[in-house]
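Me: I would like to go through one chain of this model and ask what stands behind each term.

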Amino acid sequence: MPSGRSILSHLLFLVFLTPVALGATSSKEPIVVQDPQYGEVLFYFYQEDYFPALVRLLAARKQEQLTNHADEAELLLGGMYLSYGHHLEAAEIFERLLANNVDGDVRDRTWFFLAKIWYQRGYLVKAREALSYIQNDLPDNLQREALMLDAQILIDAGEYDAAVAKLRNWKGRTEWASYAKFNIGVALVRSGRVDEAAALLNELGEMDPFNEELTSLRDKANLALGYALLQDGQPYAARSPLQRVRLEGPFSNKALLGVGWADAEMDNFNRALVPWMELRGRDLLDSAVQESMLAIPYAMAKLDSISQAADHYLNAIEAFYEESNRLDSTISHIESGEFFDEFIANDPLDGTGWYWRLEELPEGPEARYLFHLLATHEFQEGLKNYRDLSYLYRNLDTWQQNIDVYANMLETRIEAYAERLPRVEESLASADIDGMVARKLEFDSTLNNIEESHDWLALATQSEFDMWGEITGLESTPVLREEIPEAAEVGDKIDLIKGVLQWQLERDFKDRLWRIRRDLRQTGAALVETQRSRRQIDQTMRQEPLRFDGLSDRVQSLSPRIESIKMRVEDALSRQRAFLQSIATGELQAQKDRLDVYTIQARFALAAIYDIAATAGEESE
Amino acid sequence: MDAGAATADARMMEAREAESREQFRSLDQDVQSLKKEVLDLNRDLFLLEEELLFPANSQVAFFISMDVGEYFELDSVTIKIDGKEVANYLYTEREADALIRGGVHRVHMANLKTGDHELIAIFTGKGPHVRDYRRGATINFDKGIGAKYVELEITDRVKKQQPEFVIKEWE
């Protein structure tokens with residue numbers, strides 16, 4: 001069996017690689033199992049069935065069945081808590097274990113993963129604390145990710161200067177370096193230092209990307225820079241980065257809109273119309289496309305194409321109205337609660353855990369509005385909790401049914417025991433074990449006497465004994481004492497027979513003595529066994545009612561416990577659902593509010609156009 | 001374009017995000033505590049179930065384990081106790097893999113009287129050169145007063161390049 005320390009390191013490594021690289025790391029190096037219960041836990045752990053594995057581990061630990069694997073079991077417990085999404089409990093275990101002497105790389109890796117998990121769950125203080133424990137023993141790729149995470153936490157907390165300072169020291173030349181630059185740029189823009197941001201974002205915006213990810217990042221940087229410059233009142237400078245964004249891509253709509261606004265800011269409405277008209281045929285869900293529907297007539301009005309502008313405003317109002325209605329019906333579907341149950345119903349709940357991630361929303365009108373919510377931590381983590389709670393609810397539901405069965409089973413056993421007990425007691429009373437022991441001892445003593453006195457006749461069989469009696473009877477016949485030759489002859493024959501019989505009895509004496517002693521010994525052993533069984537029966541009869549009482553108490557106390565936790569899970573489920581609904585409907589409501597604002601703006605603009613037209617008409621009259 | 005309004009919007013969005021994060025964390029803490037309670041409850045129920053169905057004085061558990069497993073790919077195990085078939089377990093690929101990695105499968109639990117019993121285990125699967133393989137192993141074991149664990153271990157006999165089936169007893 002490998003040493004404790006190497007096992008600890010091995011397991012920490014294994015726990016944090018679960019499940020992706022588990023096969024690659026562990027198949028060559030199986031852990032030597034010394035307690036079968038520990039092996040049973042591993043059996044479920046390796047199949048990523050964390051819940052049954054956890055239950056078995058906790059049960060075995062309570063029964064002290066893991067004596068040979070105490071340290072590994074503790075570590076495995078921490079890892080599985082993590083996999084089960086029970087990160088606070090997991091962290092306690094790791095913090096305790098990490099206080100001991102573990103390898104630096106394992107320690108740093110553990111803190112890093114904890115920091116990452118806490119960040120994803122919104123525990124920013126804890127995440128920063130964990131990162132502060134890392135002592136430069138991380139592999140390069142994780143070191144970079146840790147630094148990014150650290151900076152991101154600072155950005156999220158609004159500490160832009162600190163984030164900028166942290167990322168400024170970045171020396172890498174990888175993709176991470178580009179992300180770091182982008183994050184610094186965003187942090188600088190948010191803190192109002194547009195010029196400093198512009199230098200960084202411009203560098204990114206002009207890079208020659210070697211993959212799709214970097215191309216996308218380049219678009220993002222150009223877009224961020226363009227809008228930062230627009231907001232800073234530099235429309236001319238904004239045009240160039242916005243024009244660098246690809247025409248087809250996730251950021252193209254916003255870029256086209258921005259280019260138009262840059263031109264409009266410089267009063268070049270003719271040129272502004274070119275990118276805005278390009279947006280006209282694109283997906284109305286995109287806020288840039290929606291805004292362009294107002295921007296186009298705005299530019300047309302500026303170019304004195306009043307009638308065309310009016311037509312475009314009318315089209316926009318109509319389109320916004322239809323879209324707003326669709327949003328309303330989607331909001332009511334989500335508020336009905338059915339939406340989140342639909343994807344739980346379609347999703348098997350056997351793989352609860354940290355690594356679960358919903359990749360696609362169920363098909364339906366909601367999906368097109370909410371797809372980008374899937375990318376946010378809160379929505380994903382909220383879904384995970386919702387899913388885990390559903391699993392807990394089903395688990396409790398099953399136990400609730402089982403516990404009733406167990407209660408019945410126990411009741412039946414208690415009745416059967418009570419029914420059988422008098423019969424058993426009766427037969428026990430009729431079995432006089434003490435009397436049998438006394439008789440055995442009496443036999444022992446008799447046999448000792450026989451041996452001592454060499455009483456061979458005492459061991460004769462019944463027929464031999466009868467024969468002996470007959471012979472001695474004949475001996476005392478009066479006729480044999482007559483002085484006649486026949487009497488003497490018969491007397492000789494009797495002496496001969498008696499002698500032969502005595503000789504046989506004396507010859508067999510030792511053998512018979514041995515056999516009887518052996519039988520007595522066996523009887524003695526059987527009697528000892530009987531006494532032991534009797535003691536056991538007595539003990540069982542004393543303990544069984546206590547055992548039944550203990551089991552009944554447990555069944556009775558578990559039943560309300562299940563009920564109470566189930567109610568709380570139900571409550572948490574509805575709160576979790578409400579939280580998810582509020583995120584989803586909040587997102588939809590924001591889209592609807594934006595449409596409402598655009599509609600109002602369109603109506604005002606239209607009214608203004610009608611006013612101008614009416615005034616012009618009056619003047620011409 | 002109104003830069004001031006855009007900044008105000010961004011600040012408002014940040015505040016909303018912070019609020020939603022706080023709300024999430026509060027819910028998450030409740031979920032965490034419920035998870036712990038449900039786990040503890042499951043542990044207690046698991047122990048109760050075991051004690052109820054298999055009291056310690058009659059309990060015998062049969063485990064399957066694998067050491068290395070180069071020469072044998074496990075498909076199924078059949079267990080007979082005192083001539084009576086009590087378990088016939090078909091392994092999925094995932095389960096067999098978990099066994100190879102060091103997992104131990106509790107294939108059967110039984111209530112047996114104290115005294116001598118005969119166990120026959122029949123393993124089927126793919127042997128060397130991916131040929132169908134079927135082998136049995138027998139053991140007579142004594143069931144004492146306490147719970148008993150019997151482990152059926154599949155190991156590799158490297159010299160013969162054959163699998164070996166060993167039965168171990170644990171008290």
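Me: What is the accessible surface of chain B, and what share belongs to carbon and sulfur atoms?

Reply: The model is predicted, so local features need pLDDT of at least 70 and side-chain atom pairs count only at pLDDT 80 or more, while totals for chains, interfaces and linings use all residues. Residues are numbered from 1 along each chain as its sequence is written, chains are lettered from A, and side-chain values use heavy atoms, without hydrogens and water. Chain B has about 8,500 Å² of accessible surface, with 48% belonging to carbon and sulfur atoms (Shrake-Rupley method, 1.4 Å probe; for residues, only the protein chains shown count as cover).

Me: What makes up the secondary structure of chain B?

Reply: Chain B has 2 helices and 8 strands, counted as DSSP runs (helices H or I, at least four residues; strands E, at least two; numbered from the N terminus). Their order from the N terminus is α-β-β-β-α-β-β-β-β-β.

Me: Why is chain B called more spread out than a compact globule?

Reply: Because its radius of gyration is 27 Å, well over the 16 Å that the globule rule gives for 171 residues. The radius is taken over C-alpha atoms, and the rule is 2.2 Å times the number of residues to the power 0.38. The C-alpha atoms of chain B fill a box of roughly 85 × 45 × 25 Å along the principal axes.

Me: How many of the 171 residues in chain B are buried, as a percentage?

Reply: Buried residues are 49% of the chain, where buried means under 20% relative accessible area, exposed over 50%, and partly exposed in between (1.4 Å probe, protein chains only).

Me: Which residues is Phe62(B) in contact with, leaving aside neighbours within four places in sequence?

Reply: Among them are Ile79(B), Ile81(B), Leu119(B) and Phe141(B), contact meaning heavy atoms within 4.5 Å.
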